[in-house]
There are 2 protein chains.
Amino acid sequence: MFSIHVDAPLFSSASVQYRRLHNLCREQRGVKCTIGHDMGRSTNSVLNLENEKVTDKGSGTVAREALGEKVTFRASEMDDLVYKERFVIRGSEVGVNNTATIEAIASLLQETSGNRARRFGWSKDVNPTPPVMRKHRLVWITFRVHIRMYKYPTRGDVVEIEHWSEPDGRIGAMLNFIIRNISTGEVIGRSTSKLVFMNLDTRKVQKISSDVCDEYLAICPKSPRLAFPEKNNQSLWKIPKLDEPADYSQLGLKPRIADIDVNKHVNNVTYYSWLLQSIPQDIVETHELEAITIHYRGECKFSDTIDSLATTELEVDSVNPFQDESTLSNLNLNSEGRHQFLHLLKFSYTGQEINRGRTIWRKIDK
Amino acid sequence: MFSIHVDAPLFSSASVQYRRLHNLCREQRGVKCTIGHDMGRSTNSVLNLENEKVTDKGSGTVAREALGEKVTFRASEMDDLVYKERFVIRGSEVGVNNTATIEAIASLLQETSGNRARRFGWSKDVNPTPPVMRKHRLVWITFRVHIRMYKYPTRGDVVEIEHWSEPDGRIGAMLNFIIRNISTGEVIGRSTSKLVFMNLDTRKVQKISSDVCDEYLAICPKSPRLAFPEKNNQSLWKIPKLDEPADYSQLGLKPRIADIDVNKHVNNVTYYSWLLQSIPQDIVETHELEAITIHYRGECKFSDTIDSLATTELEVDSVNPFQDESTLSNLNLNSEGRHQFLHLLKFSYTGQEINRGRTIWRKIDK
């Protein structure tokens with residue numbers, strides 16, 4: 001049985017500014033919130049996974065037949081603005097380890113987020129936004145994503161993705177995700193994405209006004225909660241720029257036609273593939289990705305050529321003196337089997353940075 | 001309303017050998033079949049699409065809400081060995097035209113085929129095969145795929161893929177697919193894949209014995225039927241080797257980690273991406289793929305580097321004197337807006353051929 005037990009105060013990682021805004025806005029909505037241990041909720045509600053068995057409500061049922069994969073379920077549900085959607089892992093989503101690829105996981109997170117937006121009745125645009133945001137010519141831009149997988153699903157597994165929003169200061173929004181394997185009830189992964197509000201006319205990040213704040217808070221659950229509430233968790237770690245020359249590289253990578261979205265830019269998931277491309281083959285064949293962080297800083301078009309660089313990073317605890325998360329991660333791991341890399345994607349011809357990232361790999365038993 | 005009306009005899013494209021085997025085996029199963037107009041079925045049953053409205057049976061219902069995308073349906077069904085499965089098109093499956101990419105379509109066809117195999121109760125292997133085939137150490141290898149799309153679905157559309165097997169001589173098997181958009185009932189695409197039986201020990205194609213034939217016929221519908229029954233349809237057209245130098249090329253393409261399957265080979269769908277990679281950008285931006293044929297001749301590993309070549313091919317009717325299919329395809333098309341390319345994928349360093357293909361593109365109104 002997979003379980004993690006760590007007592008950590010909720011929102012220990014949130015900035016003071018965030019807390020103030022959060023409380024302010026929730027109070028405006030008639031929801032008085034205080035931060036931390038006094039919230040009247042279990043402070044380890046996210047991490048006490050053993051007690052978080054998945055239960056079905058209403059018409060949502062899962063039936064798995066021994067032969068074949070007849071799966072009957074209500075595709076999605078919404079409860080207190082926490083949205084849940086289920087997906088069957090497809091053959092095309094499974095990779096060399098016979099488990100879902102990180103690209104498949106990232107795509108499902110995006111799909112869940114997009115479907116939640118559509119459930120709110122927003123437009124059918126590629127990046128749907130609520131009415132007041134549209135009036136102010138604002139869109140959300142993803143600037144940082146962190147995904148941590150405890151156990152990858154395999155073909156035919158049904159995963160449920162729980163998804164909700166939280167505010168993140170005056171310019172930001174935060175998407176939270178918890179991924180469960182329905183057949184076991186296990187939490188198999190968590191993710192958080194940070195978005196910023198960008199003005200479509202100035203193409204610059206913009207602090208939001210109170211009407212936009214109110215509109216955004218109206219789609220956040222009443223009780224504040226984070227997918228990664230642990231102090232100094234990896235989703236918050238700074239990603240320094242990789243010093244060249246890098247230990248490993250794959251040069252001259254090209255976008256594929258299917259990578260291009262309707263805005264004629266490379267879609268966000270392609271950067272995962274490019275980041276992983278420079279990992280040494282012996283690591284790929286003997287390890288699996290435990291966590292990935294991507295910091296988006298630029299955009300690619302179809303005509304671009306990209307270089308992917310990677311360098312082995314110092315051990316986890318020497319980079320980050322606070323060991324809560326690393327202790328957590330090492331519970332079931334041989335620390336000698338872990339590898340950590342710093343990544344840089346840049347344009348081949350200009351050398352300009354596109355984005356940077358960090359990956360952590362754990363040894364797998366085959 | 002999209003409709004095609006062409007009278008064409010069923011199995012006009014089938015070889016004599018195929019017909020004999022087919023009749024022989026079906027007779028063994030107590031199903032006496034004759035070929036062509038005397039079958040007691042409408043000879044244009046596949047093409048008379050206007051009359052082929054999708055209907056739901058039993059518990060299968062589709063409910064679409066104006067806001068959001070709550071879709072409730074029975075995921076799959078099987079009737080007379082014709083398998084049907086429904087999928088919601090995801091955001092990640094949609095490309096630059098805001099419609100599903102050909103890679104997404106190809107993945108859904110593979111998924112349908114794999115799920116049908118699992119429904120039969122075969123093993124959960126990557127390439128599931130029935131028991132007698134396993135006893136003989138035989139597997140199916142895809143050697144040719146043809147997909148023709150009349151209209152691409154977009155995000156949130158529910159497509160139903162109808163899928164069944166037919167025999168194809170003493171060494172082959174044929175997978176048939178018809179793709180419908182559930183909300184309109186339209187047939188939006190068709191596909192056929194040719195497989196051969198390969199012996200795992202000799203790694204060579206092998207003629208099948210009667211027990212394997214019987215086992216295979218037992219999973220084919222009682223009444224013979226093809227996804228492309230038209231005489232000389234494009235799925236049968238020979239693909240010559242492209243003469244170099246090619247008109248267009250993209251050199252030095254690399255597999256991504258997520259392209260590698262559990263057998264450590266590049267998955268079949270990646271070749272679609274590489275084939276399309278050398279199409280000129282102005283065609284990609286103003287046209288959409290009408291049809292693609294891929295002839296698989298080799299396998300790639302992660303360490304390989306691939307060159308993609310493409311050359312404009314002569315007009316359809318001068319390559320293929322029988323114009324049934326081209327006449328059919330041109331019903332709603334300005335023939336001047338069409339482009340046809342011959343493709344070749346080869347290893348960058350050895351020049352050895354990996355596979356070849358043909359694509360046909362039609363102009364889109366934006």
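Which residue is the bridge partner of Glu166(B) in E5(B)? In this predicted model, in which local features need pLDDT of at least 70, side-chain atom pairs count only at pLDDT 80 or more, and totals for chains, interfaces and linings use all residues, the partner is Met174(B). Residues are numbered from 1 along each chain as its sequence is written, chains are lettered from A and ligands numbered from 1 in the order in which they are written, and side-chain values use heavy atoms, with hydrogens and water left out. Helices (H or I, at least four residues) and strands (E, at least two) are DSSP runs numbered from the N terminus, and two strands pair if DSSP finds at least two bridges between them.

**The sheet of chain B**

- The pair Glu166(B) and Met174(B) belongs to strand E4 (residues 158–168) and strand E5 (residues 172–181) of chain B, which run antiparallel and are joined by 10 bridges.
- Helix H4 (residues 210–217) of chain B packs on the sheet, where H4 touches strand E3 (138–149), E4, E5 and strand E6 (187–199) of chain B, and the direction of H4 makes about 155 degrees with that of E4(B); contact means heavy atoms within 4.5 Å, while axes are lines fitted to C-alpha atoms, for helices over the stretch in contact, with angles that run from 0 to 180 degrees between N-to-C directions.
- In chain B an open sheet of 11 strands, with antiparallel pairing, has the order E1-E2-E4-E5-E6-E3-E8-E11-E10-E9-E7.
- The edge strands of chain B are E1 (76–79) and E7 (248–253), each of which pairs on one side only.

**The sheet of chain A**

- Chain A holds an open sheet of 11 strands with antiparallel pairing, in the order E1-E2-E4-E5-E6-E3-E8-E11-E10-E9-E7.
- At the edges of the sheet in chain A lie strand E1 (76–79) and strand E7 (248–253), each pairing on one side only, and neighbouring strands of this sheet are turned by 20 degrees against each other on average, direction ignored.
- Strand E5 (residues 172–181) and strand E6 (residues 187–199) of chain A run antiparallel and are joined by 9 bridges, and Arg180(A) has Val187(A) as its bridge partner in E6(A).
- Helix H5 (residues 270–277) of chain A also packs on the sheet, touching strands that include E3, E7 and strand E8 (287–296) of chain A, and the direction of H5 makes about 120 degrees with that of E8(A).

**Two domains in chain A**

- The domain assignment of chain A, whose bounds come from an automatic or database assignment, gives domain 1 (75–235) and domain 2 (237–316 + 335–365), and the centres of these domains, taken over C-alpha atoms, are separated by 21 Å.
- In chain A, 23 residues of domain 1 are in contact with 24 residues of domain 2.
- The two domains of chain A bury about 2,100 Å² between them, 48% of it on carbon and sulfur atoms, where buried area is the accessible area (1.4 Å probe) that two parts lose on being put together, summed over both.
- Glu103(A), Arg144(A) and Gln234(A) supply 26% of the area that domain 1 of chain A buries against domain 2 of chain A, more than any other three residues.
- Across this interface of domain 1 and domain 2 of chain A the rule finds 1 salt bridge, defined as a side-chain nitrogen of Lys or Arg within 4 Å of a carboxyl oxygen of Asp or Glu.

**How the chains meet**

- A rotation of 180 degrees, with 0.0 Å of shift along its axis, superposes chain B on chain A with an RMSD of 0.0 Å, and the two copies are thus related as by a two-fold rotation axis; copies are superposed by least squares on the C-alpha atoms of residues with pLDDT of at least 70 in both.
- Leu253(B) comes closest to the rotation axis of the residues of chain B, at 3.6 Å (C-alpha).
- Because 100% of the interface residues of chain B are also interface residues in chain A, the copies meet through the same surface.
- Chain B and chain A bury about 4,600 Å² between them, 49% of it on carbon and sulfur atoms, and Arg90(B), Arg256(B) and Ile257(B) supply 18% of the area that chain B buries against chain A, more than any other three residues.
- The rule finds 6 salt bridges across the interface of chain B and chain A.
- Asp259(A) forms a salt bridge with Arg256(B), with the closest N and O atoms 2.7 Å apart.

**Backbone details**

- Most residues other than glycine have a negative phi, and most peptide bonds are trans.
- A cis peptide bond with omega of about 5 degrees joins Glu244(B) and Pro245(B), and Pro245(B) is found in the loop between H4 and E7 of chain B.
- Arg137(B), a residue other than glycine, has a positive phi near 60 degrees and lies in the loop between helix H3 (131–135) and E3 of chain B.
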